[in-house]
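Please walk through the model shown here, one region at a time.

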Amino acid sequence: MAVAFVFTTQSSAVAIPRSTGAAEWDKVATDGSGGWVLSTDDAQRDYHPTFVGNGYLGARIPAAGQGWADKPIPTQFELAGLYSTPPDTTAVKPSLPAWSSLDIGEGGSSASAALGAGKVSKYRQSLDLRTGTLTTTARWTSPSGRTADLRYRLVADRARKHVAVVHLEMVPRWTGTATVTDLIDGRAAEHLKSPVRGSSADKHQVWETRRAEGNSTQVAIASQLDAPGRITPMGGDVTGQRAIVRVTAGVPVNVTKFVGIASTQDSSDALATARQQSADATRAGWARLTAENAAAWRKLWRARVEVQGDSRLRRQVLASQFYLLASVRAGSPWSPSPAGLSSDGYNGHVFWDTETWMYPSVLAQHPDIAKSVLQYRINRIDAARKYAKDGGYSGTRFPWESALSGLEDTPSWASTGRYEQHISSDISLAVWQYWLATGDRTWLRDKGSEILRGVADFWVSRVTRNADGSSSINGVTPPDEYVENIDDSAYTNMAARDSLRFAVQAAKIFGQPANPQWSRVADSLRIPFDAKTGTHPEYDGYAGKRIKQADVVLMRYPWESPQSAEVTRADMARYVPRTDPDGPSMTDSVHSIISSELGDPGCAAMTYTKRSVDPFIRAPFEQFAEARSGGAFTFMTGTGGFLQEFLYGYSGMRWRDERVHLDPTLPPQLTGISLHELSWQGRKFTMEIGPHQTTVRLLNGAAVPVEVRGQSKNLRPGQQLKVPTRRPDLVPTIDLARCAVISADSSDPSSPAVAAVDGDAQTFWQAKAPDPALTVNLERPRRLRTLTADWGDERPKQYTVELSRDGHHWTPAATVEGGQTKDTVDLEERTAALVRLKIGGEGDDGPQLHSLTLR
């Protein structure tokens, strides 16, 4: 298809580099609109506490707005790079003491306890994603009947990585005294040794240091209190201080605790650093710190993804960006674990989750942070060499689970540490992606190539030569962890092949000789393929079993393995229905991206987007859980995969060393997607994907070569490029229902209503409640001949088809009985704007409707 490129010159009124313009941002920043503020008025029902972080320190904060709680989940306090190494077990990520505790009391009672138990009125908790500020307000009444209005604000300072601040504003409704307690609460501490405490009464500062179990790493926390009244250390076995404050009815009282945190992983004297950071923050004061923090976040948010046309999805996208950014920062040589800085999920270990699922979402807009994420692997390359050597191999083998040392930290009971070796190739891909996205030759020469060469050498030593001249990789676990110790995993072999070729290409870039074994092994590796079905068997001997998560489909994205669209389509048809719906949350993100790339008639990409987020998101702060049933929380792996759907799926963006490939598409459920400050080789550009046209603007730097559907143009400074937005839903069809507006009064989140009309036979709508109804809105009266319903494994025993012109008056058109797999109903040329299926007598799991067709 020929693409009509249109270049226009930007008006001087265009705001660069903030493409939304200052006025729009300022409006959002003051009125809380646009999905930037997430709030709840009820912390007792369906409440999952959020976390805040600055990429160095993170904290999950309970309903009280500060302190520690063990329900509904323990609130943990994390620090990047801090690991304990208990004897005879794997490394674990400790939880710090709860540094956020700042309580107010009267007559021996505690406002914090009342807040945590919901024994307050006018409660509200809000997370402002623009600044990472968590605000908790409530009216507290003490047992003696005295009342105060409380407002807590808590910030993990993005501008000062060692600093966090808790600010309390209290308006008492009595005159007398109140007690303020600043505590470093040891109840939250895990896998740390007993504290060494100290205090300075004249500086109003308390502190403690603890050592990690099994190693010499020391962490220090200092808290300095700014409060009216006399402040005294608490002493004994408590790290805290207390102020007796005289209060007057109606007169606000402001109290702030300034926390400094450091470890010997980043400071030669952790205690001195923590105390100094706390003191410096105190001198700066609450107003200055919050202004600096807001400015730091504002700089990050210049690069963002915004969705138009679906307010819930917009919130989910904004929240996901915040949580991912809260767990990473430029200049930090640590990689995020599957739960980031929200908790110790998966012991805080680093898996393929980082390079495959989180890292690409950072690389697209924050290459400086992406570089820091890769530094974690670079710093452990000697350990990876040792790991390969200890196993009898050459080169570099990265562990499946990595922590402090860079050696294998998978628990001994899990076989993945022995067999799941594709991790090394996943890291090679991340290195190559960084090179393509940044063009940083110095980095590739001095750092990246070392990983590429090492991984290539490992695979050369790892393969088995077959009698026919081909090569196999035997005894592995693929991404589908429901199997283990199998031979010739399609994904593992393909990833090894391309990793070998990355090493060859890197050598060529610098005019260096490449090991001839790299190409020989790459060209000889077996990639299982079944010519009869036109699909890749997952491994040698695969017989169609259910799989845990995305595996073979990953060959097309993110690896871009060269294969026809027919093969990609066939692989999707084979593996989507075989993927366990109770598996981890990131799988459907790949299905969405590939659906966008294929562009088959319909709107399946949005179905997969909904499937990738709605079953896993947790109220009220839009956080990912690992699986429908729970698991790691907040699950950054799912978060990262979800964001890739917008950065690489709907944009069609792919990195090339000499150009940027774009292929924008938009589902009918959205009115637009804005990708702000995408980054390629030192340039910044934006994409505004509209229903009919996509506009690409170059914000700075030299011209960008842009390729769209086989045609290339240079986008120069001061220009904007307009290209047609691909709309698979608008491909002509005789099916009036395809991609129509559809709703259901009951849907399983993994099987949304849109799946019945998205044009993809692998998706389906499934109800959760009995006697559900499904309604298709054709938006204007249409003459209808037939309705065809294609049911899956669970089909109804009976359903009624009803028609309406206006949505108020409904006429029965047919009642269908018999539980057939596929039904065609004669609608006798009736005219209707809405068609409704009312279903009864369904199976225990609710009916599965794979497609609903109207003609």
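The model is a predicted one. Begin with a contact between two helices: on one side, Ser589, Ser592, Ile593 and Ser596 of H14 take part, and on the other, Gly641, Phe642, Gln644, Glu645, Tyr648 and Gly649 of H16. Sorted by class, this contact of H14 with H16 has 3 nonpolar, 6 polar and 1 charged residues. H14 covers residues 587-598 and H16 covers residues 636-649; their axes come within 8 Å and cross at roughly 10°. Because of that angle, H14 counts as roughly parallel to H16.

H13 consists of residues 565-575, and its buried residues are Val567, Thr568, Ala570, Asp571, Met572, Arg574 and Tyr575. Among the elements that cover these buried residues of H13 are H14 and helix H15, residues 604-613.

H11 is mostly covered, with 15 of its 20 residues buried. After H11 comes Gly511, which has a positive phi near 65°.

Now turn to the sheets. One of them is an open sheet of 9 strands with antiparallel pairing, and its order is S2-S8-S9-S10-S11-S18-S15-S14-S13. Which strands stand at the edges? They are S2 (37-40) and S13; each has a single partner strand, so one side of each lacks a neighbour in the sheet. From one strand to the next, the twist averages 15°.

The S13 end of this sheet can be followed strand by strand. S13, residues 196-200, is joined to S14 by 5 bridges, and the two run antiparallel. Across this pairing, Gly198 stands opposite Trp207 in S14. The two strands form a hairpin with 4 residues between them, and His204 in the turn has a positive phi of about 55°.

How many of the 7 residues of S14 are buried? In this strand, residues 205-211, the number is 6, so S14 is largely enclosed by the rest of the structure. S14 also pairs with S15 (residues 218-226), in the antiparallel sense, over 7 bridges. Here Val206 stands opposite Ser223 in S15. S14 and S15 form a hairpin too, with 6 residues between them, and Gly214 in its turn has a positive phi of about 85°.

S15 continues the sheet towards S18, residues 253-263, to which it is joined by 8 bridges in an antiparallel run. Within this pairing, Ala220 has Ala262 in S18 as its bridge partner. A helix lies across this part of the sheet as well: H3, residues 270-301, lies across several strands, including S13, S14, S15 and S18, and it runs at about 135° to S18.

There is also an open sheet of 4 strands, with mixed pairing and the order S25-S26-S30-S31. Its edge strands are S25 (654-655) and S31 (711-715), each of which pairs on one side only. S31 is joined to S30, residues 704-708, by 5 bridges, and these two strands run antiparallel. Glu707 stands opposite Ser712 in S31.

Is each of them buried or exposed? Glu828 has 52% relative accessibility and therefore counts as exposed. Ile839 has 3% relative accessibility and therefore counts as buried.

Their contacts can be listed with residues up to four places away in sequence left out. On that basis, Glu828 is in contact with Leu784 and Arg785. Ile839 touches Trp765, Asp771, Pro772, Trp791, Pro796, Gln798, Tyr799 and Pro847. As for separations, the C-alpha atoms of Glu828 and Ala813 are 8.9 Å from each other, with the two residues 15 apart along the chain. Ile839 and His676 are 163 residues apart along the chain, and 45 Å separates their C-alpha atoms.

Methods
Residues are numbered from 1 along each chain as its sequence is written. This is a predicted model: local features need pLDDT of at least 70, side-chain atom pairs count only at pLDDT 80 or more; totals for chains, interfaces and linings use all residues. Side-chain values use heavy atoms; hydrogens and water are left out. Axes are lines fitted to C-alpha atoms, for helices over the stretch in contact, and angles run from 0 to 180 degrees between N-to-C directions. Angles under 35 degrees count as roughly parallel, over 145 as roughly antiparallel, 65 to 115 as roughly perpendicular and the rest as oblique. Contact means heavy atoms within 4.5 Å. Ala, Val, Leu, Ile, Met, Phe, Trp, Tyr, Cys and Pro count as nonpolar, Asp, Glu, Lys and Arg as charged, and the others, Gly among them, as polar. Buried means under 20% relative accessible area, exposed over 50%, partly exposed in between (1.4 Å probe, protein chains only). Two strands pair if DSSP finds at least two bridges between them.
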